[in-house]
2 protein chains.
Amino acid sequence: MRKRLAIDAMGGDHAPQAIVEGVNQALAAFDDIEIQLYGDEDKIRPYLTSKERVTIIHTREKIASDDEPAKAIRQKKEASMVLAAKAVKNGEADAIVSAGNTGALLAAGLFVVGRIKGIDRPGLLSTLPTTDGQGFDMLDLGANAENTPKHLHQYAILGSFYAKYVRNIDKPRIGLLNNGTEASKGDPLRKEAYDLLANDDSLHFVGNVEARDLMAGVADVIVADGFTGNAVLKTMEGTAMAILGQLKTTLTGGGLRTKLGALLVKDSLRGMKDSLDYSSAGGAVLFGVKAPVIKAHGSSDSQAIYHTIKQTRKMLATEVVTQLVTTFEATEKGTE
Amino acid sequence: MRKRLAIDAMGGDHAPQAIVEGVNQALAAFDDIEIQLYGDEDKIRPYLTSKERVTIIHTREKIASDDEPAKAIRQKKEASMVLAAKAVKNGEADAIVSAGNTGALLAAGLFVVGRIKGIDRPGLLSTLPTTDGQGFDMLDLGANAENTPKHLHQYAILGSFYAKYVRNIDKPRIGLLNNGTEASKGDPLRKEAYDLLANDDSLHFVGNVEARDLMAGVADVIVADGFTGNAVLKTMEGTAMAILGQLKTTLTGGGLRTKLGALLVKDSLRGMKDSLDYSSAGGAVLFGVKAPVIKAHGSSDSQAIYHTIKQTRKMLATEVVTQLVTTFEATEKGTE
């Protein structure tokens with residue numbers, strides 16, 4: 001049976017064009033998926049070139065990027081994102097993808113799609129770049145502002161499943177983000193989490209990891225509380241943006257010699273920029289809910305949307321969410 | 001009266017050579033300072049070209065970079081760092097500088113030099129780079145693993161003093177590092193800190209700031225808890241290192257065309273790298289103790305040591321620590 005993806009066509013900076021064009025690409029590439037496009041039919045239709053395995057579910061309502069998340073989900077009952085989430089809840093779709101309001105999608109994931117039994121606090125997970133090109137998964141990136149040691153333990157399990165099933169890493173190395181590498185480091189949250197991770201034989205725990213070493217690929221999965229994870233993610237983004245911006249200014253703003261040099265190194269630099277761009281790994285996953293809920297970056301172009309659909313398809317094909325359900329229900333890890 | 005700096009000659013990756021050479025530079029540049037060099041005289045002497053305003057206080061004991069900080073301070077009573085801290089405590093020196101074991105220097109600052117009355121948790125402060133070259137001060141960068149809202153409030157005051165006296169910013173803009181810019185964002189720690197900052201008329205509080213915007217210069221002082229501040233600092237370092245490393249690999253590893261281009265842009269890129277290098281702002285200050293306690297980066301070269309001495313001199317000349325003492329004792333802000 002084909003996998004059915006419910007896609008919010010109206011979310012993101014370049015919606016609906018980038019979303020619909022990404023869908024066109026994905027439908028051409030994968031014949032085992034069906035797409036439901038939620039949004040304004042008049043605005044979607046002009047970009048839609050695919051004829052098969054795609055339906056438009058028309059609605060004019062949408063959630064704005066500055067809407068208050070929980071309120072928007074409650075009040076805008078006909079919004080494209082809300083209808084897409086309901087389709088998943090009602091079994092009419094297998095996963096939801098949106099490039100829209102992050103907070104609203106998290107709320108839709110938690111309250112419409114729903115948590116997996118035994119998982120206390122689903123976390124936001126992304127695959128981020130390393131210099132060796134392998135990348136690492138980090139969670140929680142900010143679905144929660146506060147976490148307990150047990151939450152961090154669950155994130156380790158969640159991240160391990162994701163790395164194994166979606167990224168094909170046989171025995172993912174789990175690192176705990178801390179303010180030093182020694183076992184005794186950190187606040188009480190980190191110390192207790194460390195003990196839980198070290199004593200869980202199902203995990204390949206490699207110990208504490210410092211933020212300085214993340215891009216060097218010291219672990220396949222990095223476990224963080226949502227507040228710190230969010231700060232680290234945004235620092236990576238901000239620092240990379242600032243440096244690449246300065247690089248551009250330097251090369252284009254220099255004298256003739258620099259300008260000529262810039263012309264010669266241009267292609268190589270583009271290759272470097274692509275290797276730092278991790279949009280080919282897809283979007284951020286709200287992991288721990290009953291179906292894949294995927295947030296594509298707000299600035300996604302059609303290529304990024306295509307990659308996010310590819311990632312969602314992989315999550316569905318590997319049944320990683322079903323594996324989570326089985327594990328957490330069977331071992332009751334969530335309620336120990 | 002000349003300012004007297006107690007300098008640990010034995011700490012850091014390039015000690016004592018880089019330390020002593022930095023001291024030579026500083027003594028030549030500033031005639032209003034005296035330097036006390038703590039360490040192994042046989043190893044210091046060969047590098048010391050200055051003849052005046054410098055004394056060597058000989059000791060063979062030193063703290064290693066992997067020594068357990070508090071224990072090292074307690075047990076290695078004759079270590080260069082410990083003797084330097086004691087000189088400050090005993091009024092024989094006005095400030096201490098070390099490029100050695102960070103934790104040990106923090107412990108020496110807290111337990112030998114001592115906290116200013118009314119300041120609960122001195123914070124580690126550094127001036128970090130922005131793309132406009134102005135930089136921003138952030139604290140706490142990891143002197144503490146846990147903080148209360150009151151600590152964050154005190155960090156705002158401390159940072160404000162530093163930016164004003166040492167960086168000559170008339171009315172420093174204070175930002176609270178948070179997971180969103182809206183006033184309602186964050187965990188209870190951030191929400192309570194926000195209220196304290198917003199209600200303190202002595203501060204120019206500009207609200208919540210996201211880590212993504214730090215290098216864009218959204219504030220002059222960023223207030224963070226020590227755990228998050230440490231993670232953000234290390235992420236900035238790690239990301240910058242990874243990108244600049246990839247840049248180097250890309251330019252030197254390319255074909256003839258790239259290599260030629262690299263040759264042409266080399267000087268411009270060096271200028272860019274220098275602008276990202278913030279060692280000219282000096283070292284990290286343990287701020288909130290009774291005298292300047294300055295941690296130079298472990299990898300400091302002589303130039304970085306020179307800048308750290310220059311920064312220490314500025315702290316002494318502006319009497320910023322005395323200002324802090326007066327403020328905290330007078331208003332009893334620390335005990336409200």
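## Between the domains of chain A

Five residue pairs are in polar contact across the interface of domain 1 of chain A and domain 2 of chain A, both residues of each pair being at pLDDT 80 or more. On the domain 1 side, α5 (102-114), α10 (302-317) and α11 (320-331) of chain A each supply at least two residues. That side has nine nonpolar, ten polar and three charged residues. The count of salt bridges across this interface is zero. The model is predicted.

Domain 1 of chain A covers 1-119 + 288-336, and domain 2 covers 121-280. Their C-alpha centres are 24 Å apart. In the contact, domain 1 of chain A takes part with 22 residues and domain 2 of chain A with 19 residues. The two domains bury about 1800 Å² between them, with carbon and sulfur atoms giving 68%.

## Between chain B and chain A

Here 49 residues of chain B touch 50 residues of chain A. The buried area is about 4400 Å², and 67% of it lies on carbon and sulfur atoms.

Four salt bridges link chain B and chain A. One of them joins the side chains of E237(B) and R212(A), at 2.9 Å from N to O.

## The chain B side

Three helices of chain B give two or more residues each to the side that touches chain A: α7 (188-198), α8 (226-253) and α9 (256-276). The largest share, 20 residues, comes from α8(B). By class, this side of chain B has 24 nonpolar, 16 polar and nine charged residues.

Methods. Residues numbered from 1 in each chain as written. Chains lettered and ligands numbered in written order. Predicted model: local features only at pLDDT ≥ 70, side-chain atom pairs only at ≥ 80, totals over all residues. Heavy atoms only, no water. Domains from an automatic or database assignment. Contact = heavy atoms within 4.5 Å. Buried area = accessible area lost by both parts, 1.4 Å probe. Polar contact = N/O pair within 3.5 Å; in protein donor to acceptor, adjacent residues only side chain to side chain. Helix = DSSP H or I, 4+ residues; strand = E, 2+ residues; numbered from the N terminus. Nonpolar A, V, L, I, M, F, W, Y, C, P; charged D, E, K, R; others polar.
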